[in-house]
Amino acid sequence: MEKKNAPAAVASEPVASEPVASAPVAAEPSPPSPSPPSPSPPSVAAERVASEGGASKRGSSVNWASLSADGPLHQIGECLLANEEYADTYSAMRQVCRNWRSGLPEPDVHLDEWIMLHHALPHVAEFTFLQLGTSRYVTIDLSEVHTRYYFVGFCRGVIVLAQKYPPHKIRLLNPLTKKYTMFEAQMPSVLLKSVDVIKSPTMVFVTAHYPSEIGWVDESTPTKDIDKGWENRFSIKNHCLRCITPFNGELYALAVDNLEHGRIVCTNVQLQQRASTVKMETLISFPELGHQKFYLVKSDGDLLLVLLVSVALAGRPLVYRVDTTSRSLHPVSNIGSNAFFVNYTRCISVDTRVYPTLRPGCIYYTDLGYMRVLS
């Protein structure tokens with residue numbers, strides 16, 4: 001897979017001085033000789049940039065820092081914001097100088113379609129994010145954040161943090177704008193399995209290994225004693241909860257019993273809007289699929305249930321589309337050019353046309369080290 005670095009910041013570029021043609025001088029008639037071509041006039045765009053930058057049209061370099069917001073600076077910013085792939089470049093432009101920062105409005109940009117790659121010593125404070133749709137990546141140094149917070153996870157374009165010192169309150173950090181969303185609730189003192197974020201309203205969801213449960217808070221949830229768990233929790237006796245997945249404003253998860261029979265559970269966030277009144281309930285049960293390993297994947301605007309079919313159920317479909325309105329499952333015969341990476345913690349779908357080293361229509365079971373082709 002070919003990785004592409006983030007575009008470098010725009011460097012100052014001198015405007016070439018233009019030669020001035022001498023006026024013709026009368027002379028005795030002589031045989032005509034070839035004359036050098038006359039220089040072409042400067043383009044309108046070049047003259048405008050030179051004028052905006054405060055430089056003369058002939059011979060002086062452009063003062064890029066003095067570009068005004070109503071000129072090329074604003075147009076470049078709009079082009080960058082039109083594609084989420086370059087949201088980081090827009091944020092970098094606002095950090096070039098004071099004039100650019102005031103001339104470019106601060107938008108609500110996030111790395112929604114990006115994933116965070118593994119980071120470790122000695123560069124533990126450097127976070128690298130990969131754009132799934134283009135294979136482009138960007139590395140952001142968050143050293144000042146690392147000294148004050150524990151890293152919990154990355155999802156929906158924000159980094160979930162917890163204060164290093166009691167009461168360990170939750171913070172959401174936009175790595176592009178370096179802006180925080182403050183929560184009063186503390187991060188629970190349990191062994192976390194995964195974390196996710198829902199926006200509008202903003203809520204943080206976590207799953208714990210033991211006891212197996214899902215908890216959630218919003219910005220108004222009060223601080224509790226560090227030894228007390230969150231009040232808003234969901235669990236099913238003798239069931240393991242896994243694969244929490246935001247989809248269309250709700251959170252979905254798989255609940256699997258000791259015999260590996262599964263069901264899909266979901267929230268009612270859009271109805272309640274407050275963490276204190278949000279509930280989770282069973283959306284679909286599917287005992288007919290038997291003893292299975294199940295995964296939830298978002299792909300091309302659909303929520304999909306992916307199976308690891310055992311020998312006893314050979315011949316059954318591997319993938320089902322989850323109809324959240326009719327609460328039903330519909331078999332999917334192929335996944336096109338996509339490839340799935342599935343795991344109990346997180347699942348992703350990527351386009352093999354962007355990553356040609358991957359096999360189209362293939363499911364990679366990363367927790368098992370197993371690959372299966374969907375025919």
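User: How accessible is R233, and what is its relative accessible area?

Analyst: R233 is partly exposed, with a relative accessible area of 47%. Buried means under 20% relative accessible area, exposed means over 50%, and partly exposed lies in between (1.4 Å probe, protein chains only). The model is predicted, so local features need pLDDT of at least 70 and side-chain atom pairs count only at pLDDT 80 or more, while totals for chains, interfaces and linings use all residues. Residues are numbered from 1 along each chain as its sequence is written, and side-chain values use heavy atoms, with hydrogens and water left out.

User: Which residue forms a salt bridge with R233?

Analyst: The partner is E213, and the closest N and O atoms of the two are 3.6 Å apart. The pair links distant parts of the chain, since E213 belongs to strand β10 (residues 213-218) and R233 to strand β11 (residues 233-234), 20 residues apart. E213 is buried, at a relative accessible area of 16%. A salt bridge here is a side-chain nitrogen of Lys or Arg within 4 Å of a carboxyl oxygen of Asp or Glu. Side chains of opposite charge can pair when their charged atoms come close.

User: How many salt bridges does the structure hold?

Analyst: The structure holds 6 salt bridges. One of them joins the side chains of R327 and E281, at 3.0 Å from N to O. R327 sits in the loop between β18 (319-323) and β19 (328-332), whereas E281 is in strand β15 (residues 280-285), 46 residues apart.

User: What about K169: which side chain does it meet in a salt bridge?

Analyst: K169 meets E184, with a distance of 2.9 Å from N to O. K169 lies in strand β6 (residues 169-174) and E184 in strand β7, 15 residues apart. K169 is buried, with a relative accessible area of 19%, while E184 is partly exposed at 38%.

User: What order do the strands have in the sheet with β6 and β7?

Analyst: The order is β4-β5-β6-β7 in an open sheet of 4 strands, with antiparallel pairing. The edge strands are β4 (149-155) and β7 (179-186), each of which pairs on one side only. Two strands count as paired if DSSP finds at least two bridges between them.

User: Over how many bridges do β4 and β5 pair?

Analyst: β4 and strand β5 (residues 158-163) pair over 6 bridges, in the antiparallel sense. Y150 stands opposite A162 in β5.

User: New topic: how many helices and strands are in the protein?

Analyst: The protein has 6 helices and 23 strands. Both are DSSP runs numbered from the N terminus: helices are H or I with at least four residues, and strands are E with at least two.

User: What share of the residues is buried?

Analyst: Of the 375 residues in the protein, 44% are buried. In soluble globular proteins, nonpolar side chains tend to be buried together.

User: Which residues touch the most other members of the largest nonpolar core?

Analyst: They are F286, L305, V306 and V342, in a core of 36 residues. Strand β17 (residues 302-307) contributes the largest share of this core, 5 residues. A second, separate core of 17 residues includes I214, W216, A275 and M280. A nonpolar core is a set of buried Ala, Val, Leu, Ile, Met, Phe, Trp, Tyr and Cys residues joined through side-chain atoms within 4.5 Å.

User: And which residues does F286 touch?

Analyst: Leaving out residues up to four places away in sequence, F286 touches L254, G262, R263, I264, F294, L305 and L329. Contact means heavy atoms within 4.5 Å.
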